[in-house]
Amino acid sequence: MTGLELALAAFVVFLASCLQGTIGFGLGMLAAPVISLLDPSLLPGSIVLLAAGLTVFGVLRDRTAVDFRGTGWALLGMVPGTVAGALLVAALPPQALALAVAGTVLLAVLLSVCGWQPRPRPAAVAAAGAASGLMGTATAIGGPPMALVWHGFSPARVRGTMSAFFLVGALVSLTALTAVGSIDREVLLFAAALLPAMLLGFVTSGVVNGRLDKVLVRRVGLAASTAGAVLVLVQAL
């Protein structure tokens, strides 16, 4: 990867980290498509590594607002979803997997816009956790399912709860990806090179957070989910 390409990746990671620090997700959704165009072999490992660090900071900042009960139900679903995602990475053509994931996200966004607002009951949260684990491991984009099921939370509660969920999810995904041989020296070095951009993005998000209310967070979350799905579709096609 050239210096210009690395600079582009760092800029995108900065923006994506700021978005995740603001609405609770977005790192993989924005950064994964760009990194895939530069060097697809670096995915999803590099994004999952960066997400692990970013979510630690997110949990520490919004720790008093975390819904630990909801996080537990989401994690209950996330574990089998993550295993399925790792198996899909090894078994399915990338294009078919990307099309399925993008189509599912767009359908969920459409239902939400039309008035479908799932309540964060245990069954719904566990199902969203399973979908998130599968998508996050297979494509590094696992935020949309959780954003849809937790859309009614306050901004701080959304950020804190999603950070807690994605911290555990990132660690499980790293374990699964390592087991199938997707984490190597190049992936580790690339993630380390992007670490300063991730940190700067998270710090910047702290300035933005005070200007958001619950309605705006929901709108930004839906828009970001749609953008991520469209990017995946464009990349696959």
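Is Thr71 buried or exposed, and what is its relative accessible area? Thr71 is buried, with a relative accessible area of 5%. Here "buried" means under 20% relative accessible area, "exposed" over 50%, and "partly exposed" in between (1.4 Å probe, protein chains only).

A quick note before the views: this is a predicted model, where local features need pLDDT of at least 70, side-chain atom pairs count only at pLDDT 80 or more, and totals for chains, interfaces and linings use all residues. Residues are numbered from 1 along each chain as its sequence is written, and side-chain values use heavy atoms, with hydrogens and water left out.

**View 1. The whole protein has 10 helices and 0 strands.** Helices (H or I, at least four residues) and strands (E, at least two) are DSSP runs, numbered from the N terminus. Of the 237 residues, 50% count as buried.

**View 2. Thr71 sits in helix H4, which covers residues 68–91.** Its side chain reaches the backbone oxygen of Asp67 at 2.9 Å. That's a polar contact: a pair of N or O atoms within 3.5 Å, where, within protein, one must be able to donate a hydrogen and the other to accept it, and residues adjacent in sequence count only if both atoms are side-chain atoms.

**View 3. Asp67 also meets Arg157, side chain to side chain, in a salt bridge (3.4 Å, N to O).** The pair links distant parts of the chain, with Arg157 in helix H8 and Asp67 in the loop between H3 and H4, 90 residues apart. Asp67 is buried at 14% relative accessible area, while Arg157 is partly exposed at 33%. A salt bridge here is a side-chain nitrogen of Lys or Arg within 4 Å of a carboxyl oxygen of Asp or Glu, and by this rule the count comes to 3.

View 4. Between Arg61 and Asp62, the closest N and O atoms are 3.9 Å apart. Asp62 also bridges to Arg159 (3.3 Å, N to O). Asp62 lies in the loop between H3 and H4 and Arg159 in helix H8 (residues 155–179), so this pair ties together parts that are 97 residues apart in sequence. Both Asp62 and Arg159 are buried, but Arg61 is partly exposed at 30%.

**View 5. Trp150, Phe153, Phe165 and Phe166 form one aromatic cluster.** Rings of Phe, Tyr and Trp (its six-membered ring) pair if their centres lie within 6.5 Å; planes under 30 degrees apart count as stacked, over 60 as edge-to-face and the rest as tilted. Trp150 and Phe153 are both buried. Look for Arg157 again: its charged end sits over the ring of Phe153, 4.2 Å from the centre. For that label, NZ of Lys or CZ of Arg must be within 6 Å of the ring centre and within 35 degrees of the ring normal.

**View 6. A search of the whole structure finds 4 aromatic pairs, and this view shows Phe57 with Phe202.** Their ring centres are 5.7 Å apart and their planes are at 35°, so the pair is tilted. Phe57 is in helix H3 and Phe202 in helix H9, 145 residues apart. Phe57 is partly exposed at 34%, whereas Phe202 is buried at 11%.
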